[in-house]
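Subject: A structure for you to explore

Hi there,

Here is the structure I promised to pass on. Please open it beside this email and follow along as you read.

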Amino acid sequence: MSSPVKFLLVDDLPENLLSLEALLRRDDLTLLKAKSGDEALELLLEHDIALALLDVQMPGLDGFELAELMRGNERTRRIPIIFVTAGAHSETRRFQGYEAGAVDFIQKPIEADILRSKTDVFFEIYRQRQTISEQRDILQSQANVLQIADRRKDEFLAVLAHELRNPLAALKGGLKLLSRRPEGEQKEKVAGLMEDQITHLVRLVDDLMDVSRITQGKIELQRSRFDLRQALEAAVRMAAPNIEAKHHIIQTRFPETPVMVFADDFRITQCAVNLINNAAKYTLDGGNIEVGITVQSRDVAIWVTDDGLGLSPGEVERIFEMFAQIDSHLQHSRGGLGIGLALVKQLVELHGGSVSALSPGIGKGTTFTIALPTD
């Protein structure tokens, strides 16, 4: 919302200031009053003024002298001035006023309609300037967002090329080995390596397709009532290869009784797998991971805690952004496009839930929490 427009009224007689105030009062207009040129200068330096109405004849600094001082200051030189005068002035004196920056002269006694019509023009001009300034700020903000998105797109494409090149190179090498018709254990080993790389490629493509479907509003949740404990047990089993590869110790903290929720079983399991795999990726070998469920009054919380690399406050704020790659984690990242956590956030929000991250700091681990409504 635009801030009020401010007019400055300068007259050494209090009754004249009250009269001007009564004539000009309107919504969204703040009238600042000064009884001398010195008081006016203080207000001019403190406030953004849309129009100054200056009495010509004042003790000390008169209106013309005040106007000249205003023109000599970068902050106030462009403020329009209307001189209010009780006496007739020679053409030379009037020219002096225009040279000092006056846009008009108003004779006393003041005709209310003339004063309002003249000042309304400057009120509207200032409002238009405010609108243009706000639109410029919005456009600049949007331009900044687009620049960031463009940079992240370039970074993403570079990561994608890297992530695709590695498994494709491995598959190409495997095909060459198989063309030599190896036998027995060697053949099984090559086939196993190729299967792992294909699984990795499928996962990358699946994540990309899911993000695309969510962005286009094409994902439809298949809701049903199920026991959340069973979904998380399945997620732990699916993440087991990554857990075992780094010799992590994983513990589950589930309630003894069923935790029934109305959600998409497959998508909730997918979110849990992503969080557990993320914990495994950024926890050093032999680290600890816990997966738990906490039943609350009107919702249920799924949490995954690790004692891994942790996050700084700034990193916590952007961890769920699309294509986000945490600089301090890059050397530990073994595959991934920076979309896993963003995908979790989007899928959870489709369920009417939320996801958050909490970390005491770098090297102190991280806890990810998904909050889901029970109905």
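Is Phe-320 buried or exposed, going by its relative accessibility? Phe-320 counts as buried because its relative accessibility is 12%; buried means under 20% relative accessible area, exposed over 50%, and partly exposed in between (1.4 Å probe, protein chains only).

Before we go on, two notes on the basis of all this. This is a predicted model, in which local features need pLDDT of at least 70 and side-chain atom pairs count only at pLDDT 80 or more, while totals for chains, interfaces and linings use all residues. Residues are numbered from 1 along each chain as its sequence is written, and side-chain values use heavy atoms, with hydrogens and water left out.

Aromatic rings

The structure holds four aromatic pairs. Rings of Phe, Tyr and Trp (its six-membered ring) pair if their centres lie within 6.5 Å; planes under 30 degrees apart count as stacked, over 60 as edge-to-face and the rest as tilted. One of the pairs joins Phe-64 and Phe-83, edge-to-face, with 4.8 Å centre to centre and 80° between the planes. This pair links distant parts of the chain, 19 residues apart: Phe-64 sits in helix H3 (residues 63-71) and Phe-83 in strand E4 (residues 81-85). Helices (H or I, at least four residues) and strands (E, at least two) are DSSP runs, numbered from the N terminus. Both Phe-64 and Phe-83 are buried.

Phe-320 and Phe-368 also form an edge-to-face pair, with 5.9 Å centre to centre and 90° between the planes. Phe-320 lies in the loop between helix H9 (313-318) and helix H10 (340-350) and Phe-368 in strand E12 (residues 366-373), so this pair ties together parts that are 48 residues apart in sequence. Phe-368 is buried, with a relative accessible area of 3%. There is also one aromatic cluster, formed by Phe-64, Phe-83 and Phe-105.

Backbone details

The peptide bond from Lys-108 to Pro-109 is cis, with omega near -5°. You will find Pro-109 in the loop between strand E5 (102-107) and helix H5 (112-179).

Asp-28 is a residue other than glycine with a positive phi, near 60°. It belongs to the loop between helix H1 (14-24) and strand E2 (29-34), and is partly exposed at 40% relative accessible area. His-247 has a positive phi as well, near 55°. His-247 lies in the loop between helix H7 (228-245) and strand E7 (249-253) and is exposed, at 58%.

Happy exploring!
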